[in-house]
Amino acid sequence: MKVDNSLNERRDILDLLVRLKGDGISISEMERIGHKFQEAGKRALRPLVRELWRENSGELITKYTYILDFFDTQDWLDQLIQIALKRQDLAADGKAALMIALEGYGVDVHSPPFKQEKTGSGGTSLGQQVQGAMQLGEEGMVTFLDDFLSYPAEVQQIVIRELCHSGDSQSPRLLEAMLWHEDRDLVHSALAALGKIRDPHAAGVLQDFLADCDAELAPFAEKALRRLRFLGVAVPPPRKLLPFHAGYATPPDGDGYRSLLLSRWAGPDTVSVLYMQVHERRGVLAAWGAGELTLDNFLAEVDGFRMQDNLIEVAPAYLLDLVRDALYWSRDLCYLPADFYMRRGIFAGEDMTPARFTEKLTGLPRSRRLSFQEGEHLAQRLFADTFFSGWFMADQRVYDFAEEYRSGKGEQVLERFCAELLAPELELIRERLLVSADLMRRCGRDSFEVARVVGLADSLVDNPLPHHLHPFLRRFAMESMEIARESLERGDDPPLRAVEEL
């Protein structure tokens, strides 16, 4: 059975982008990176294109366009043309790199509209960057917001002032995303800025925010809305909340990562979508979304994710509980992914107060204590079950142990593996098993089988056996080393660490 390692792969994509930025990277290494992107498919293409939307260096643009060649041209050429046409902030070397790449793919860069483009001799002011981002639509705004989140506080305040006075019809949309930031000073500034924009859209943003914001922020939103009314701005009628369309989740993998996908009706035949990658203790790590997709396009997106993810359809209410849990574990993050802020409206009308999901793990069926033989048989079946196809550890130390194990050291390696990598995570592994059992129950799996998984989780507590002799832990370790061994035999590079872990 094919093991689902897509979450590890997607975390590595970000690290590959970092490696591309390094000095002295060879053509052969770029070839290897290109093949890894090619294997990952469209999931790797989007972050690569997003880097192109924001990159100014001609050297890096050349590297990125080189990697694009590993994808079907029809999937990215239109985007590259749009970047060349719309980005006014590019220096001469960046513009030249784009034009050379396009010319190489048969685009006549000497004809309109290319020859009408302004040639730049340097960067632009912050105000021009803000304007340029809004002119690029939602993709440009998400890219700009991604950069904005890392700016110093004083620069963020300058950006908000630029948005307030820009006169662009898209500025309320960008300010709306900022309203969900964790920094209250930033939120207050965004509210004040919305209260100065004489546009019904700004009034609508404030009215919608009032319906969902924390009580402590309500007076500031009301003040901004009163100011707009005083200025004669028409306040649109209250929004009509449409129901959720669908929810999908993957079971947690062996490192505690999983994917969540939520869709909600945006119109009679369109849906808005938010896709997230989350971790059981680190919260929301990445997000992508779309404002309006036709049902056919949405189903195509789901099919694309399912090619690499074991996406399981679940009730939207259950998915919201998982998002609240991810938000609970995100509390120590300085900020969340830009797409999450841009798509925060998908949760309109819902109480999204962060809360641990494990506190809702009540009512799970229980079984009698499992015998050693029952645990062994159950562990063997579980690692052949699609719910557990991602249960392996992806860590450099796993590769080290796999090398030792295949050299014939057997039990000693298993004992050290379990002591070093599994014993410190025992409570997390137990929780992961319970969460998986709960998902199995919700998906209609046999209650007896679910109860046995719960029993397996309970057996990790006060277990008298050494860790490497526990049936599930032993199988977990062996499965992880087997996957690492196969990877080494294929000549794959050792696992990369995700950017958020650096």
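This report describes a sheet, a helix pair, the nonpolar cores and several single residues in a predicted model.

Residues are numbered from 1 along each chain as its sequence is written, and side-chain values use heavy atoms, with hydrogens and water left out. Because the model is predicted, local features need pLDDT of at least 70 and side-chain atom pairs count only at pLDDT 80 or more, while totals for chains, interfaces and linings use all residues.

## The sheet

Helices (H or I, at least four residues) and strands (E, at least two) are DSSP runs, numbered from the N terminus. Five strands make up an open sheet with antiparallel pairing, in the order E4-E3-E2-E1-E5. Two strands pair if DSSP finds at least two bridges between them. Strands E4 (283-294) and E5 (312-314) are at the edges with a single partner strand each, so one side of each has no neighbour in the sheet. Direction ignored, neighbouring strands of this sheet are turned by 20° against each other on average.

| Strand pair | Bridges | Sense |
|---|---|---|
| E2 (residues 257-265) and E3 (residues 270-279) | nine bridges | antiparallel |
| E1 and E2 | five bridges | antiparallel |
| E1 and E5 | three bridges | antiparallel |

Individual bridge partners can be named for each pair. Leu262 has Leu274 in E3 as its bridge partner. Phe244 stands opposite Arg264 in E2, and Gly247 stands opposite Val314 in E5. In general, strands of a sheet pair through backbone hydrogen bonds, either parallel or antiparallel.

Strand E1 is largely enclosed by the rest of the structure, because five of its six residues are buried. Buried means under 20% relative accessible area, exposed over 50%, and partly exposed in between (1.4 Å probe, protein chains only). Helix H15 (residues 316-329) lies across E1 (244-249), E2, E3, E4 and E5, and runs at about 125° to E2. Axes are lines fitted to C-alpha atoms, for helices over the stretch in contact, and angles run from 0 to 180 degrees between N-to-C directions.

Asp269 is in the loop between E2 and E3. Its C-alpha is 6.1 Å from that of Thr294, although the two residues are 25 residues apart in sequence. Leaving out residues up to four places away in sequence, Asp269 touches Leu293, Thr294 and Leu295; contact means heavy atoms within 4.5 Å.

Thr270 belongs to strand E3. With a relative accessible area of 13%, Thr270 is buried.

## Helices H19 and H20

The axes of helix H19 (residues 426-442) and helix H20 (residues 447-458) come within 9 Å and cross at roughly 170°. The two helices are therefore roughly antiparallel to each other; angles under 35 degrees count as roughly parallel, over 145 as roughly antiparallel, 65 to 115 as roughly perpendicular and the rest as oblique. On the H19 side, Arg430, Leu433, Leu434, Ala437, Met440 and Arg441 take part, meeting Glu449, Val450, Val453, Val454, Leu456, Ala457 and Asp458 in H20. By class, this contact has nine nonpolar, no polar and four charged residues. Ala, Val, Leu, Ile, Met, Phe, Trp, Tyr, Cys and Pro count as nonpolar, Asp, Glu, Lys and Arg as charged, and the others, Gly among them, as polar.

Ala423 lies in the loop between H18 and H19. At 24% relative accessibility, Ala423 counts as partly exposed. Ala423 touches Cys418 and His467, residues up to four places away in sequence not being counted.

## Nonpolar cores

A nonpolar core is a set of buried Ala, Val, Leu, Ile, Met, Phe, Trp, Tyr and Cys residues joined through side-chain atoms within 4.5 Å. The largest has 106 residues, and Leu145, Met178, Phe347 and Phe472 have the most contacts inside it. Helix H18 (residues 396-422) gives the most to this core, with ten residues. Apart from this core lies another, of 37 residues, including Phe37, Leu85, Leu102 and Leu136.

Phe472 touches Ala379, Leu382, Phe383, Trp391, Ile429, Leu433 and Leu456, not counting residues up to four places away in sequence. Glu479 is located in helix H21 (residues 471-489) and counts as buried at 18% relative accessibility. Apart from neighbours within four places in sequence, Glu479 is in contact with Phe383 and Trp391.
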